[in-house]
Protein chains: 2
Amino acid sequence: MPDNLASKITDSELEVMKLLWRAKDALPVTVIREQLQESKGWEPATIKTLIARLVSKGAVRQEKRNVFYYSPVITEKEYSSWATKDLIARIYNGKARDLIASLVSSDGLSQDDIAELRDMFKVEE
Amino acid sequence: MPDNLASKITDSELEVMKLLWRAKDALPVTVIREQLQESKGWEPATIKTLIARLVSKGAVRQEKRNVFYYSPVITEKEYSSWATKDLIARIYNGKARDLIASLVSSDGLSQDDIAELRDMFKVEE
DNA sequence: CATTGCAGACTACAATTGTCAACTGAAATT
DNA sequence: AATTTCAGTTGACAATTGTAGTCTGCAATG
């Protein structure tokens, strides 16, 4: 995990992180609750547990106002880049190109994707 | 998970799978045990548990000879391709190209990788 | 100001995961 | 044939994860 993290962000917790990443500013539980109750059908208690766990593992910071406001400590980029490298280490023996080869050969990429990637690598120095 | 799987292969179990994937033929516990005891420092009991769990979740098949011989049901390619798509779904909103963009922009690729990928996409129809 | 609603803290509980020990019966060894 | 060695099975136990209930005190609202 990103080394600022005590331990891994779990799947459920990740849903909370996604919401916080999308938000421009820190959010109070009220807002987080509303959205996740709606989108995930979770009970308020569940949502509060997830937030508390994220705070305790250092992925989310709380800021005292009238009520706590929560915001991500690690960025989405940091996390996704870590998760990707972790996958590469665990499954592709550390070889990033093997990951991409796998995508290409297992039709994980659309024609559009491939076109775009061709461009990407053309420009790339 | 690959839909032939009852549930996800865990990290420890994956070590067993890797060994089985590397092997040409089915292996008896003796051989699996020797290697993992060596490479992972696991107790025989641990290794036997992992094998049993893999069998019960359908990732490994056992073949009765004098003693059981074990071989993978899902291939390494199937698994890694599934794991990759799963990552893309969970973290990159289903967009494979975002994964690759993340790799490129977070220096997850060496110059060599990039060169090779440029070739890959040049040839690619 | 009394009432209500909910944030925050604590507790709970089943399922999964990482590790491993004990037992049992068959195969190998003496 | 008696002994030893494991494979295979079952059980175990702590930590993590998914999901949620309860309680307490403050803040908004009538």
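Tutor: Let us take the labels in turn, keeping in mind that this is a predicted model.

Student: Why is A:Asp113 called buried, and what is B:Arg97 called?

Tutor: A:Asp113 has a relative accessible area of 8%, and because buried means under 20%, the word applies to A:Asp113. B:Arg97 has a relative accessible area of 23%, and since exposed means over 50% and buried under 20%, B:Arg97 is called partly exposed.

Student: What are B:Arg65 and B:Glu63 called on that scale, buried or exposed or something in between?

Tutor: Both fall in between, because B:Arg65 has a relative accessible area of 42% and B:Glu63 one of 33%, so each counts as partly exposed. Their side chains also meet in a salt bridge, at 2.7 Å from N to O.

Student: Why does the pair A:Lys18 and A:Glu15 count as a salt bridge, with its closest N and O atoms 3.8 Å apart?

Tutor: The limit for a salt bridge is 4 Å, and because 3.8 Å is within it, A:Lys18 and A:Glu15 count as a salt bridge. Both residues lie in helix H1 of chain A, 3 residues apart, which is about one turn of the helix.

Student: Which residues are linked in a network of salt bridges, and how many salt bridges does the structure hold over all chains?

Tutor: The network links A:Asp11, B:Asp86 and B:Arg90, and the structure holds 16 salt bridges over all chains.

Student: What is the area buried between chain B and chain A, and how much of it do carbon and sulfur atoms give?

Tutor: The buried area is about 3500 Å², of which carbon and sulfur atoms give 61%. In general, the size of an interface is often given as the accessible area lost when the parts come together. In chain B, the residues that lose the most area to chain A are B:Arg90, B:Arg97 and B:Phe121, together 19% of what that side buries.

Student: How many residues does the contact take from each chain, and what crosses the interface?

Tutor: The contact takes 40 residues from chain B and 40 residues from chain A. Across the interface there are 6 salt bridges, as well as 14 residue pairs in polar contact, both residues being at pLDDT 80 or more. On the side of chain B that touches chain A, H4(B) gives the most, with 11 residues.

Student: Why is B:Ser102 called buried?

Tutor: B:Ser102, which lies in helix H5 of chain B, has a relative accessible area of 10%, and because the limit is under 20%, B:Ser102 is called buried. Leaving aside its neighbours within four places in sequence, B:Ser102 is in contact with A:Ser81, A:Thr84 and B:Tyr92.

Student: Turning to the DNA, what makes A:Thr10 a residue in polar contact with DNA strand D?

Tutor: A polar side-chain atom of A:Thr10 lies 2.5 Å from a phosphate oxygen of DNA strand D, and because a polar contact needs N or O atoms within 3.5 Å, A:Thr10 qualifies. In A:Thr49, an N or O atom of the side chain is 2.4 Å from a base nitrogen of DNA strand D.

Student: Which residues are closest to DNA strand C?

Tutor: Of the 19 residues that surround DNA strand C, the closest are A:Val29, A:Phe68, B:Thr10, B:Thr49 and B:Arg53. Sugar and phosphate account for 64% of the atoms of DNA strand C that come within 4 Å of the protein.

Definitions and conventions:
Residues numbered from 1 in each chain as written. Chains lettered and ligands numbered in written order. Predicted model: local features only at pLDDT ≥ 70, side-chain atom pairs only at ≥ 80, totals over all residues. Heavy atoms only, no water. Polar contact = N/O pair within 3.5 Å; in protein donor to acceptor, adjacent residues only side chain to side chain. Helix = DSSP H or I, 4+ residues; strand = E, 2+ residues; numbered from the N terminus. Buried < 20%, exposed > 50% of the residue type's maximum accessible area, 1.4 Å probe, protein only. Contact = heavy atoms within 4.5 Å. Buried area = accessible area lost by both parts, 1.4 Å probe. Near = heavy atom within 4 Å.
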